[in-house]
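User: Could you walk me through how to read a few features of this model?

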Amino acid sequence: MSIVEVKVPQLSESVAEATMLTWKKKAGEAVAVDEILIEIETDKVVLEVPAPSAGVLVEIVQGDGATVVADQLIAKIDTEGKAGAAAPAPAAAAPAAAPAPAQAAAAATGGAKSDVAMPAAAKLLADNNLSTGDVAGTGKDGRVTKGDVLGAVASGTTAKAPAAAPAPAAKPALQQVAAPLSPQDLGDRPEQRVPMSRLRARIAERLLQSQSTNAILTTFNEVNMAPVMEMRKKFQDAFTKEHGVKIGFMSFFVKAAVHALKKFPVINASVDGNDIVYHGYFDIGIAVGSPRGLVVPILRNADQMSFAEIEKKIAEFGKKAQDGKLGIEDMTGGTFSISNGGTFGSMLSTPIINPPQSAILGVHATKDRAVVENGQIVIRPMNYLAMSYDHRIIDGREAVLGLVAMKEALEDPSRLLFDI
């Protein structure tokens with residue numbers, strides 16, 4: 001036997017611990033080198049743990065949901081083993097009696113545990129004067145579920161069914177899953193308690209931190225998107241043919257934001273204690289929705305990126321976010337952020353600053369509106385812009401003029417060519 005250890009990968013300096021998600025392999029199964037064994041969630045990203053070598057997964061040291069730290073042992077692989085071999089027991093305790101049916105079922109699957117009843121089921125067993133041996137378990141590794149107990153009590157198939165009045169008809173047990181339940185599983189008045197993921201908890205923490213430590217104020221303006229839309233329509237085919245990607249609105253918003261940040265550097269600054277840190281670079285965070293929550297990957301040196309490079313990078317971030325592949329390096333840093341609620345139909349919002357940044361631009365859905373131009377009422381595709389800023393270091397003058405600079409760049413994109 002030649003054992004190779006599987007350990008938690010290195011976490012970022014600001015991350016102390018992580019949570020194990022779901023093992024993709026069971027003990028006793030063959031694994032290939034670099035095959036993903038499990039994903040580990042930190043408060044920033046989800047990391048994949050590949051198999052360091054081919055062989056058989058002979059032992060899982062840390063199970064689903066365990067809290068782990070960097071370089072901690074989580075599994076063992078036998079590089080000379082054969083698939084199907086029984087996994088070693090975690091502890092060689094001498095049994096005092098023959099195992100109960102549910103325990104035997106769990107042991108047969110290589111996942112024997114001292115607690116073979118789910119918490120809700122254990123309470124029902126006690127209430128009905130039953131043990132795990134009186135009810136056949138149908139849960140993972142032969143565990144007894146709440147539904148198993150209710151069904152056994154209702155049907156009278158237990159060895160120690162109570163003499164009291166029969167229990168009401170069994171209802172489907174509420175599954176302990178994060179996804180919404182289907183209507184047929186809801187019952188009368190169900191409730192579901194699901195722990196926050198590390199990412200969601202971190203999002204909550206940072207949003208509260210932002211509101212409690214920043215003097216947030218939001219300024220608004222409206223922008224006529226007709227010039228941008230006309231330019232996109234004129235060059236879309238040629239642009240797509242040349243670069244393999246379509247021109248979106250976000251590249252214009254990024255360019256307009258950088259244009260304004262150059263004019264008003266304090267909007268691109270951050271607070272560090274009693275100091276104001278002025279950044280000589282433009283790293284723009286793009287808020288992206290993902291199945292695990294909102295993430296903000298960074299366009300680094302956005303001022304040096306072309307329209308095509310911005311569009312390609314944003315598309316890459318979107319794909320990574322949906323697949324859970326964003327790395328810590330993708331989301332570290334940032335000097336200014338853009339949140340596009342218009343993608344979901346938002347007409348107006350007050351975005352929350354992403355600390356330690358000092359400002360964020362919120363863009364919204366573009367809709368035809370009646371506006372006045374030269375004394376005449378005309379229809380124009382309008383978009384409301386909202387910029388939230390930290391009033392501790394950014395005065396109203398800089399905030400308003402900065403947003404006006406973005407508006408002017410979008411209403412006359414040629415300004416971006418001449419930096420005026």
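User: What volume does the largest cavity have, and how is a cavity defined?

Analyst: On a 1 Å grid over the protein atoms alone, a cavity is a set of points where a 1.4 Å probe fits but cannot get out, while a pocket is an open set with protein on both sides within 12 Å along at least five of seven lines; lining residues have an atom within 4 Å of a point. Points are joined across faces, edges and corners, and the volume is the space filled by probe spheres set on them. In this predicted model, the largest cavity has a volume of about 110 Å³. Its lining has 14 residues, with L199, S290, V295, A321 and G324 closest to the centre. The count of cavities of 30 Å³ or more is one.

User: How do the residues of that cavity lining divide by type?

Analyst: Ala, Val, Leu, Ile, Met, Phe, Trp, Tyr, Cys and Pro count as nonpolar, Asp, Glu, Lys and Arg as charged, and the others, Gly among them, as polar. For the largest cavity that gives eight nonpolar, two polar and four charged residues.

User: Now the second largest pocket: which residues lie nearest its centre?

Analyst: They are R206, V295, V296, N354 and P355, out of 33 lining residues. The volume of this pocket is about 830 Å³. Its lining holds 17 nonpolar, 12 polar and four charged residues.

User: Which element gives the largest share of that lining?

Analyst: Helices (H or I, at least four residues) and strands (E, at least two) are DSSP runs, numbered from the N terminus. Here helix 4 gives the largest share, five residues.

User: Is K319 buried or exposed?

Analyst: Buried means under 20% relative accessible area, exposed over 50%, and partly exposed in between (1.4 Å probe, protein chains only). K319 has 52% relative accessibility, so it counts as exposed. K319 lies in helix 7, residues 307-323.

Technical notes
Residues numbered from 1 in each chain as written. Predicted model: local features only at pLDDT ≥ 70, side-chain atom pairs only at ≥ 80, totals over all residues. Heavy atoms only, no water.
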